[in-house]
Structure formats: structure tokens, C-alpha cells
Amino acid sequence: MNLTTFYLAIGGLILAPLIGGLVAGVDRVITARLQSRMGPPLMQPFFDVGKLMSKVIAPASHWQGMFVRWALIASLASDVLLASGADVLMCFFVQAGSACFVAMGAFNGNSPYSKIGAQRELFQMLAYEPVFLVAILCMAKASGGFDAFSFMASQQPLLFKMPLIVPGLIFVVLIKLRKSPFDIAASHHMHQEVVRGVYTDYAGRDFALLEIAHWADVTVVLWICSFLWATGPLQMLAVAFITLMIALIIDNISARLTWRTMLKRVAPITLILAIANLVWLYVE
Amino acid sequence: MTEAYIGLLVLWPLVAGLACLVLRGPGVRSALVLATGAALAVGGLALASQAPFTANPGFLASETAMHIAEAAAFILPVYFLFKGLQGKHLLVILFSIAQLGLASVSAFMVPAAPAAQSAVVLDGLSLALMLVVCFAGSFICIFALPYMKHHEEHLHLKVSRQPGFFLIMLAFLGFMNGLALSNDLHLFAAFYEATTLCSFLLIGHDQTAEAKKSAYRALWMNILGGMCLHAGIILIQKQFGLADIQQIVNPALWTGASLLPIAFIAAAGCIKAAQMPFQPWLLGAMVAPTPVSALLHSSTMVKVGVFVCLRLSPVLAGTTTGKILCLVGAFTFFATSAMAMGQSNAKKILAYSTMANLGLIIACAGIGTPIAIAAGIVLMVIHAATKGLLFLCVGDMEQTIGSRDLEDLRGIIAKSPVVAFAAVAGSMAMVLPPLGMLVGKWAALEAAAASPIAMVMMTLGSALSVVCWVRFAGTLMAGKSVSAQHAHSSALTSGPILSMLAAAVGLGMAAPWLNSMLLPPALANPMAGGWGLMPPLFILAMIGWIIGMKVLRRQSAVTLATPYIGGLPSNEPGTFVGALGRNWVLSEGNPYAAEIFGEPQWTKIGGALATALLLALLGGAFI
């Protein structure tokens with residue numbers, strides 16, 4: 001490991017959750033404007049987390065604190081891996097590990113909503129993991145390597161070689177950002193049928209740490225999407241922003257689907273498109 | 001000295017097993033099993049320290065040994081035929097007659113091949129299998145001591161059948177070591193058939209109607225595998241007049257030649273490894289007592305199948321046969337992972353997941369590049385430790401609560417914390433980075449870069465197995481504590497379980513180095529590619545572990561919040577006053593999505609597709 005990798009890793013560790021928090025802020029401002037509300041200030045997510053940090057609330061299970069910390073560590077690790085140009089597949093698996101810990105913690109909770117959330121979270125993972133992996137495999141095939149640096153080294157935007165993975169990536173972003181119509185495992189509003197689903201039993205500082213882990217996840221997912229046009233940092237930012245906008249618009253115009261629809265209809269369709277693109281890259 | 005150690009590994013278990021049969025006391029039996037474990041550990045490590053080497057120990061290289069091997073090719077099918085007639089099982093009768101025919105062709109109609117130059121060759125692959133047998137096998141046999149005692153108490157047997165049971169268990173370890181080490185095709189085939197015999201006897205051990213049915217099913221499928229093996233051997237004998245495995249797997253030998261014999265032997269491997277459509281024999285085998293399922297059907301015997309395929313792998317690299325074999329494995333990985341998703345029977349989940357992982361290894365064998373072969377061997381070793389661990393845990397939990405259904409195991413962590421914790425750790429080790437199985441899966445995925453369809457099936461199987469294992473672990477930890485009283489467990493139970501846990505984690509940590517040891521010198525850099533990520537990830541995991549344990553200790557002391565249930569807690573535990581002012585009872589259950597992952601439809605459709613792939617494997621090589 002040379003010094004540059006080290007600096008990149010540290011940069012990823014610090015900046016990624018901050019970027020994720022900013023994304024959450026932008027999300028709230030834009031969603032409010034779409035709904036003709038003023039909305040909170042941009043920095044509101046950070047204030048929220050700061051306040052949560054100071055709260056001491058009885059946990060719902062003895063194990064949850066442990067799983068929350070593991071999820072946070074795994075999420076931050078996946079950012080660091082991506083920032084230091086490591087293997088993107090491994091980064092994906094580490095990030096999936098974080099999601100597993102969140103689900104495990106929710107299994108341990110004592111509220112039925114938390115357990116339903118955990119089960120649904122698993123079905124969501126089942127729905128998005130294959131299509132996300134196939135999308136990464138497409139990028140790896142087109143750029144000739146599995147590490148993040150070769151993804152970013154291509155002269156031509158990867159998008160033109162893999163238009164068919166775009167619906168799949170949007171699907172992944174919607175799920176990972178917990179946006180409608182795929183906010184199946186954890187709804188944003190407490191009055192809905194799963195309450196907060198997988199998050200129901202997390203509270204206080206544990207919940208704050210989980211929120212930071214979520215920000216780190218969001219950064220990883222948007223970052224991987226931005227490889228589609230990785231000819232320069234500005235282009236990558238633009239792609240990430242456009243992806244986020246698409247997700248927000250879909251969020252505001254759609255209602256929640258059931259996990260059955262997600263698993264039986266949406267996941268196969270996006271997956272088949274992505275596979276078609278992968279095979280196409282091989283035939284070419 | 002080397003030859004003495006080889007003798008120890010192959011013959012000592014047999015001798016100890018016979019001693020178990022003659023000296024029927026439980027104390028003597030425990031001492032013999034523990035001694036065998038120690039002997040295998042010492043012998044295995046001694047041989048490992050000298051690897052790679054070739055040797056000609058008298059008992060494997062002499063004329064007599066060859067004659068015994070040749071005789072076994074007749075005696076075993078005759079025994080199977082006798083059993084088939086006794087049980088009136090048509091397929092067993094037909095296949096054992098066919099196998100007798102093949103044995104006669106091999107012995108009388110094809111010119112005999114000269115014996116292999118060296119009877120024993122120990123390279124990375126055989127070393128891996130040998131160590132799996134010596135360590136995982138020994139731990140499981142030790143675990144079997146208290147388990148079988150309980151088991152027989154439960155069945156109220158008048159005369160203990162344990163002496164015979166341990167004879168077969170221990171003899172099996174010897175046969176497996178012989179199989180791993182032997183370099184002569186005929187010896188290899190004899191040991192292969194011997195494992196079929198052990199499997200048949202052990203599955204039928206309980207002598208219930210279900211056990212007998214499963215035993216016969218396993219028998220006919222494995223005889224079919226034996227037929228494929230013999231067909232391959234006869235073709236090789238005819239074509240090249242060779243019996244030396246090392247010479248046979250030299251790719252130079254096969255340039256321009258038909259790969260049909262290789263395809264036959266690979267098909268035999270697929271059957272032994274319970275690849276679809278032959279998965280029913282492994283599923284049926286789960287009726288046997290847990291040590292049997294752990295030893296034969298998850299961590300050890302099925303490894304014969306993948307061992308065969310990995311052995312052939314250098315010949316398969318870049319060939320059509322290899323590509324089809326890769327698809328066969330990848331398809332089984334996907335389909336059996338899906339079936340594991342739809343299961344609530346804990347032992348069946350383990351069985352399907354075993355087939356899935358074996359499929360992944362066979363896919364690696366089909367790819368055949370040095371990197372893929374190394375990934376396959378790493379997976380084989382780590383899978384043996386992890387799956388052996390999970391089997392022992394499930395077996396022990398089953399004895400604790402008397403059910404093997406995942407729903408009944410809910411919250412078992414409160415009742416038998418050590419074992420449940422080991423099971424949770426084992427299931428995490430199946431799917432999470434940086435532990436071994438995931439690393440192997442990742443390496444396999446990148447090695448499969450030439451075959452997009454295989455990669456897609458691997459990604460699907462990977463997602464399915466993650467969900468399946470997280471749900472498994474979550475279910476064990478969920479729910480209220482069943483009772484504050486902890487179940488009693490003996491050191492002979494927890495010892496093997498904790499040792500296997502240590503092995504699963506330790507091997508995962510050692511994976512980059514294991515991998516580099518298995519690669520040719522030019523590629524042997526443990527930190528090459530993504531493998532360099534593993535040590536930092538392990539350090540991170542350890543930091544995470546320390547932080548997590550600190551938090552756990554702190555949170556263990558606090559009073560828990562009352563559950564959020566959309567109602568008022570009522571006096572009765574597990575109920576609440578909710579909508580309509582009614583008293584609602586809380587109950588939990590996992591959704592298994594049987595309409596998507598149901599066993600019958602997947603068995604049918606998946607079986608048909610897999611049969612087509614296997615036929616393509618043979619047909620493709622034939623054309």
C-alpha cells in the first residue's frame with residue numbers, strides 16, 4: 001500500500017458519510033419543493049443525527065448495539081475500498097455485509113414490525129443483489145478489470161456500451177435509498193403499515209450510527225452508478241446527481257409495491273435486461 | 001517414514017474400527033475414536049510437512065494391492081446386487097449387474113495397463129482432501145460419541161449397534177485417505193466404490209422404512225456414478241493404456257483426442273457431489289444420524305465428487321467439455337440455493353446449501369485455469385470446516401429440542417447459547433466477507449470471467465444464499481428466551497464444535513496464503529489482485545469484533561424497552577391489547593415464498609434442465 005492509496009482511503013472514510021448526509025439533505029429539500037413545501041434546511045440530517053447521538057434510550061435487544069456498529073464498520077469499509085481503488089466486487093460484498101447486519105439486528109428486536117422489516121429487507125436484498133452484481137460485471141467486462149481505477153480509466157463513457165443496465169441501477173438506487181415504490185422494508189413515515197420496518201427497534205445513539213451507515217451506503221451506490229460516465233470527476237458527480245433526481249421523482253409519483261411484485265415482476269425484468277447487456281458485451 | 005505415515009492414515013482407522021467391533025465397551029470405543037483422531041492429526045500433519053512428494057508404500061503398490069483392487073471391482077457390485085435382490089430394488093439390481101459387466105470388460109477384454117509409477121502422489125489437491133478427512137472427519141467422529149449414546153437412548157435399543165456404526169465411520173476415514181492419496185486409477189476406483197458402500201450402510205443405519213428407502217436411493221445413484229467412472233477408466237485404458245492419474249491429467253495427452261472418458265469421469269464426480277438432477281440421494285441421506293450427515297454428506301464424502309472434477313480440471317481448461325461442466329456446476333449452485341431459500345427444515349437447508357457450494361467448486365473445475373482450480377480447492381477446504389460446523393450445531397440443537405424445523409429453532413440462543421452462537425457464526429461464515437466462503441465465491445466469480453452465463457448464475461446463487469443464511473442466523477437469535485435453563489452439553493460435543501469454528505475462521509484468515517500455495521510459482525503471490533484486501537479486512541473485522549463485544553457487554557446490563565406493538569402490552573406474555581379492544585396473540589414465522597422457491601417445481605424444472613446439461617456434457621465430448 002503506498003501513500004496515495006492511504007490518503008485516498010482516509011479521504012473516502014471521512015468524505016463518504018458527509019456526502020451521503022448531504023444527499024439526504026438535498027433529498028429532503030427537493031422532495032419538499034416537489035410537494036410545494038418549504039422543507040428543512042440542507043444540513044437538517046446532520047442536526048438530526050447530532051440530536052440522536054445525545055439520546056440514551058433503552059435498546060430493544062442486547063445484541064442490537066453490536067450489529068449497528070458492525071453495520072457501520074462494513075459500510076465505511078466499502079467506501080474506503082472504493083476510494084482506494086480496490087476490487088469493486090469485494091466492495092459490493094462488504095456493503096452487502098452491512099445490510100446483513102442491519103437485518104440481523106432487526107431480527108433480534110422485540111417489535112413485530114422490526115421482524116417484518118427484517119424479512120422484507122432480506123427479500124429486497126434478494127431482488128437487487130443479482131442485478132447490481134450483473135451491472136458491475138458489465139462494467140468490469142467493458143473496462144477490462146475489476147478494480148475501481150480501471151472502471152474510472154476508460155476513455156469512452158461506459159454508458160453507451162451498457163444502456164440496458166440503467167433500469168437495473170435505478171432499481172438498486174430506489175431500494176438502497178429506501179424510496180417508493182421499493183420502500184418495502186422501511187417506510188419513511190411512522191404511520192404506515194410497517195411503521196419504520198427494519199429500523200423500528202433502533203433508537204438513540206444506535207439509530208444515529210445506523211443513519212451514518214446508511215449515508216455511507218448511499219454514497220457507495222451512487223458512486224458505482226457514476227462509473228457509467230467516469231471520464232472525469234465532474235461528469236461522475238453529474239451522473240450521481242441525475243440518478244438521485246430520477247430516484248426522487250419516482251419516489252414522489254409512485255406508491256409502495258408489495259415484496260411479491262418486486263421479486264416476481266420488477267427484479268426479473270431488470271435482471272433480464274442487464275443479462276442481455278452482459279451477453280451482448282461478450283458477443284461484441 | 002513417509003510410508004509409515006501413509007499406512008497410519010489409510011490402515012489405522014480400519015484397524016481401530018475393527019477393534020471397536022470386537023471390544024464392544026463404550027469406554028474402549030471412546031478411547032479408540034480419540035486415538036484415531038490423534039493418529040490422523042499427527043499423520044496428516046507429518047505428510048503435509050513433506051508435501052509435495054511421491055511414494056510407493058508396499059500396501060498400496062504391491063501386486064497384492066492391485067489384486068485386491070481388482071477383486072473389489074467385482075466383490076462390491078456383487079454385494080450391491082445381493083442387497084438389491086434382498087430389497088427388491090430394480091434400479092440397484094440393474095445397475096449393479098451393469099457394473100459387473102463393466103468390471104469384467106475392464107479385467108478381461110481390455111489389455112491391462114501398467115501400474116502407476118508411484119502409487120501415491122501428494123500434491124496440493126490431495127493434501128487438501130487428506131487434511132479435510134483427517135481433521136473434519138476426526139472431529140465429527142468424536143462428536144458422534146456422545147451423540148450416538150443419546151441417539152440410542154432415544155431409540156431404546158436392547159443391543160447397542162454402535163460398534164458396527166463406528167467401524168464404518170472410522171473405516172470410511174481410511175478409505176477417504178486412500179482415495180485422496182492413490183495415484184492408480186484402479187485403486188482409486190476401489191476406494192470410490194468403498195465410499196459408496198459406507199454411505200449405503202450408514203444411511204440405512206437406523207433401519208426405519210424411510211432410512212432404507214433413502215439408502216437404496218443413494219445406492220442406485222452412486223452405482224450409476226460408479227458406472228460412469230468405470231466407463232471412463234475402460235476408455236482410457238483402451239485409448240492410452242494408462243492407469244497413472246498424474247499422466248492422465250496431463251493436458252498434452254489429450255490434444256486432438258476425444259474428451260469422452262474425461263466427461264464420463266466428471267459425470268461420476270457430479271453424481272457423487274449430488275449435483276442436480278442427482279440431489280435426491282443427498283437429501284434422503286439426511287435421515288441418518290447427524291454425524292453421518294455431517295461426515296459423509298456435507299463435509300467429507302461429497303468432496304470426492306469435487307475432488308475428481310478438480311483433478312481432471314487441467315485437461316478441461318478452455319475445452320467445450322469444461323465449459324459445459326462449468327455450466328452444470330453453476331446451474332446447480334443457482335437452483336439448489338433457490339431451493340434452500342424455500343425450506344424450513346434446517347437439515348434440508350444445509351443439504352441444499354452443500355450441493356450449491358459443491359456446484360460452485362465444480363464450476364471452478366470446469367473453468368480449469370490455475371486460478372480457478374486454486375479457488376476451487378480453497379472453497380473445498382473452507383466449506384468442509386464451515387459446513388461440518390453447521391451440521392454439528394444443528395444436530396446438537398435437534399437433540400436439545402427434538403425438532404429440526406427452523407421455526408422450532410427460533411430463539412434457541414437462549415437455551416443453548418454456545419452451540420447456537422457457533423451456528424450463527426457458521427452461517428455468517430458462509431456468506432460474509434472477509435470469511436472464507438465468500439472469498440472463495442468472489443474468486444470463483446472473477447475466474448469465471450470467460451463465461452457470462454455461469455457468472456450470472458453465480459450472482460443469483462450468491463444473492464439467494466446470502467438471504468438464506470442471514471435468515472437462518474436471524475431466526476436462531478430471534479424470539480424470546482425459551483427457558484433460562486441452559487441445556488447440558490458434554491466436552492465431547494462442544495470441543496469438536498468449537499474446534500470446527502476456530503478452523504472455519506482460521507482458514508478464512510489463511511485463505512490468501514492457502515490460495516497462493518496452490519498456484520504455480522509464477523502466480524503465487526498471496527497479495528495479488530483482490531486477495532491483498534483480505535488481511536486488512538480481517539484486521540478491520542477484529543476491530544469490529546472488539547467494539548461489538550464492548551457494546552454487547554454494556555447493553556447486556558440494561559433493561560430492555562417494551563416492544564412496540566401498535567397496542568398495549570397485556571398481562572399475559574406474548575399477547576397485547578390491540579385494535580377492536582381485543583387480546584391479540586403475537587406469533588412469528590419466516591415467509592418462505594414457497595410459491596417462488598417451492599421444492600417440487602424447482603426439482604422438476606431444475607432437474608430437467610440439469611439432466612439436459614449433463615447429457616450435453618457427455619454428448620458434447622462424444623461428438
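**View 1. The two assigned domains of chain B in the predicted model.** In this predicted model, chain B is divided into domain 1 (1-56 + 118-183) and domain 2 (308-558 + 606-623), with bounds that come from an automatic or database domain assignment. The centres of domain 1 of chain B and domain 2 of chain B, taken over C-alpha atoms, are separated by 25 Å. Where they meet, 14 residues of domain 1 of chain B are in contact with 21 residues of domain 2 of chain B, two residues being in contact if their C-beta atoms, placed from the backbone, lie within 7 Å. The side of domain 1 of chain B that touches domain 2 of chain B has twelve nonpolar, two polar and no charged residues; here Ala, Val, Leu, Ile, Met, Phe, Trp, Tyr, Cys and Pro count as nonpolar, Asp, Glu, Lys and Arg as charged, and the others, Gly among them, as polar.

Residues are numbered from 1 along each chain as its sequence is written, and chains are lettered from A and ligands numbered from 1 in the order in which they are written. Because the model is predicted, local features need pLDDT of at least 70 and side-chain atom pairs count only at pLDDT 80 or more, whereas totals for chains, interfaces and linings use all residues.

**View 2. Helix α11 of chain B.** Helix α11(B), residues 260-272, has 13 residues and reaches 18 Å from its first C-alpha to its last, close to the 18 Å expected at 1.5 Å a residue, the expected span being 1.5 Å times one less than the number of residues. Helices (H or I, at least four residues) and strands (E, at least two) are DSSP runs, numbered from the N terminus. Since 13 of the 13 residues of α11(B) are buried, this helix is largely enclosed by the rest of the structure; a residue is buried if 20 or more other C-beta atoms, placed from the backbone, lie within 10 Å of its own. After α11(B) comes A274(B), whose phi is positive, near 55 degrees.

**View 3. The side of chain A that touches chain B.** In this interface, 50 residues of chain A are in contact with 43 residues of chain B. On the chain A side, α3 (64-83), α4 (88-108), α5 (112-143) and α10 (259-283) each supply at least two residues, and α5(A) gives the most, with 13 residues. By class, this side of chain A divides into 36 nonpolar, nine polar and five charged residues.

**View 4. The helices of chain A.** Chain A has ten helices and zero strands, and buried residues make up 60% of its 284 residues.

Definitions and conventions:
Buried ≥ 20, exposed ≤ 12 C-beta atoms within 10 Å, placed from the backbone.
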